[in-house]
Amino acid sequence: MTNSISKLVQMKLDVIKYHAVTITTNTDGNEITNLKDLVSMANDACYTSDNSIRYVKKSIADALADYDIACENKNQRDVERLERYLAVLQARYEAQAERHAADVSVFEQLTHGEVWERKQAALSKSKMPSKNLTALRKMAAS
């Protein structure tokens with residue numbers, strides 16, 4: 001699997017380089033690729049593949065819960081259907097995990113060793129002042 005990952009990493013690097021935006025030239029007039037754009041594309045790929053993994057994991061958890069219910073209810077048809085579906089999800093998870101590993105590797109190469117981490121979304125402040133919340137609480141309690 002190491003060979004396939006390194007081939008996948010190289011292919012992903014090639015795609016990013018293909019889409020690289022050249023925004024400046026050096027003193028010889030040659031175009032220079034903006035590394036920040038490349039890192040941004042790699043970061044986007046990491047988020048996308050991480051989201052795919054999260055989605056498949058949730059699908060697996062849901063299918064396992066359904067499988068447990070089918071077993072409990074002795075519903076052989078659903079048990080067999082869910083076993084087939086879980087096999088598909090397992091293969092999908094393995095493919096997504098390989099894709100994400102390649103995306104993370106590309107990110108690390110472009111950032112010279114920085115490890116990609118999913119950044120938590122900043123919490124937005126409520127647009128409603130807290131005094132209005134107090135009034136709402138009083139109204140709801142009455």
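Predicted model: local features only at pLDDT ≥ 70, side-chain atom pairs only at ≥ 80, totals over all residues.
Close-up 1. Asp 103 forms a salt bridge with Lys 12, and their closest N and O atoms are 2.9 Å apart. Lys 12 sits in helix 1 (residues 2-18) and Asp 103 in helix 3, so the pair ties together parts 91 residues apart in sequence. Lys 12 counts as partly exposed, at 21% relative accessibility. Side chains of opposite charge can pair when their charged atoms come close.

**Close-up 2. Helix 2 beside helix 3.** The axes of helix 2 (residues 35-72) and helix 3 (residues 76-110) come within 8 Å and cross at roughly 160°. That makes the two helices roughly antiparallel. The crossing is left-handed.

Close-up 3. Asp 62 and Lys 58 meet through their side chains, at 2.8 Å from N to O. Both lie in helix 2, four residues apart, or about one turn. Lys 58 is exposed, at 52% relative accessible area. Asp 62 is partly exposed, at 38%.

Close-up 4. Arg 81 pairs with Asp 78, with the closest N and O atoms 3.5 Å apart. They are three residues apart in helix 3, so about one helical turn separates them. Arg 81 is partly exposed, at 42%. Asp 78 is also partly exposed, at 23%.

**Close-up 5. A salt-bridge network.** Asp 50, Arg 54 and Arg 118 are linked by salt bridges. The whole structure holds five salt bridges.

**Close-up 6. A nonpolar surface patch.** Leu 133, Leu 136 and Met 139 make a patch of about 260 Å². Leu 133 lies in helix 4 (residues 130-141) and is partly exposed, at 32%.

How values were computed: Residues numbered from 1 in each chain as written. Heavy atoms only, no water. Patch = residues over 30% accessible without salt bridge, like charges linked within 9 Å, V, L, I, M, F, W, Y side chains within 5 Å. Areas by Shrake-Rupley, 256 points an atom, 1.4 Å probe, with all protein chains shown as cover. Salt bridge = Lys/Arg side-chain N within 4 Å of Asp/Glu carboxyl O. Buried < 20%, exposed > 50% of the residue type's maximum accessible area, 1.4 Å probe, protein only. Axes fitted to C-alpha atoms, helices over the stretch in contact; angles between N-to-C directions. Parallel < 35°, antiparallel > 145°, perpendicular 65-115°, else oblique. Left-handed = near helix turned anticlockwise from the far one by under 90°.
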